Amino acid sequence: ILRLKLQNKYDALIQQNVSINRKYGYFFNTSLAPENQKEFRLYNLSDIMANKLNRYNEQIADWIVSLKKAASNLEILDSVFSALITFTAFSYNAVRLFSRSFGALISIGRFTLIYNSTNTIMLNMQIIAKEISQINHAAVHLAPWNDFIELKDEDFSGSEKTAEFESLEFK
């Protein structure tokens, strides 16, 4: 559950960057397009475009830093949770190995078997949680595509409209 909540925050961070990437791509492609070079030189637009690209580049860098922080927080919490489960399994079995406080004494072989089984189950549960998280992550990215696919096709036949102008003048 914790992993899914953190993954949702991670996905939200990724979605925040979509508009910045679009703007950056637009200005980058516009500034490098051969058909725009004459206007860039004529109106001295290169500094303006460079400043815009730098600003969007800084926003993308800030976004990457926040994304890396979110990813590292996810991994740290996952590791802490894993260590807690391992410590609990080891402690409980160690107490049962040396004391009758929580049940009958167990042998070293049984201790090893229970501890390794607990670790294996825990690791498999983490793998399952990661897989569920990846499926959820893929579903988040596929949702806009699905919405687009479900749009109804419109019938454009015969609906063309034309406008006639008697004169056209630019002032």
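1. Ser31 is buried, with a relative accessible area of 14%, where buried means under 20% relative accessible area, exposed means over 50%, and partly exposed lies in between (1.4 Å probe, protein chains only). This residue lies in helix 1, and helices here are DSSP runs (H or I, at least four residues), as strands are (E, at least two), numbered from the N terminus. A polar atom of the Ser31 side chain lies 2.9 Å from the backbone oxygen of Phe28. When residues up to four places away in sequence are not counted, Ser31 touches Gln37, Phe40, Met49 and Leu53, a contact being heavy atoms within 4.5 Å.

2. A word on the basis of these values: this is a predicted model, in which local features need pLDDT of at least 70 and side-chain atom pairs count only at pLDDT 80 or more, while totals for chains, interfaces and linings use all residues. Residues are numbered from 1 along each chain as its sequence is written, and side-chain values use heavy atoms, with hydrogens and water left out.

3. The secondary structure of the chain comes to 4 helices and 0 strands, so that, by the DSSP runs used here, the elements read α-α-α-α from the N terminus on. Of the 171 residues in the chain, buried residues make up 21%. Among contacts between residues at least 6 apart in sequence, 63% join residues at least 24 apart. The accessible surface of the chain comes to about 13,700 Å², of which 61% belongs to carbon and sulfur atoms, with areas taken from the Shrake-Rupley method with a 1.4 Å probe, and for residues only the protein chains shown count as cover.

4. Which residues form the largest nonpolar core? They are Ile20, Phe27, Phe40, Met49, Leu53, Tyr56 and Ile60, 7 residues in total, a nonpolar core being a set of buried Ala, Val, Leu, Ile, Met, Phe, Trp, Tyr and Cys residues joined through side-chain atoms within 4.5 Å. Helix 1 (2-32) and helix 3 (46-98) are the elements that give two or more residues to this core, and helix 3 gives the most, with 4 residues. Ile20 touches Tyr56, Gln59 and Ile60, not counting residues up to four places away in sequence. Apart from this core lies another, of 5 residues, among them Leu13, Trp63, Leu67 and Ala70. In soluble globular proteins, nonpolar side chains tend to be buried together.

5. Helix 3 also holds Ala89, which is buried, with a relative accessible area of 8%. The C-alpha atoms of Ala89 and Ile114 are separated by 8.3 Å, although these residues are 25 residues apart along the chain. Leaving aside neighbours within four places in sequence, Ala89 is in contact with Tyr115 and Thr118.

6. Not counting residues up to four places away in sequence, Arg96 touches Phe102, Gly103, Ala104, Leu105 and Ile106.

7. Asn44, in the loop between helix 2 (37-42) and helix 3, has a phi near 50°, a positive value in a residue other than glycine. For comparison, most residues other than glycine have a negative phi.

8. Trp145 is found in helix 4 (residues 108-149) and is exposed, with a relative accessible area of 52%.

Technical notes. A polar contact is a pair of N or O atoms within 3.5 Å; within protein, one must be able to donate a hydrogen and the other to accept it, and residues adjacent in sequence count only if both atoms are side-chain atoms.
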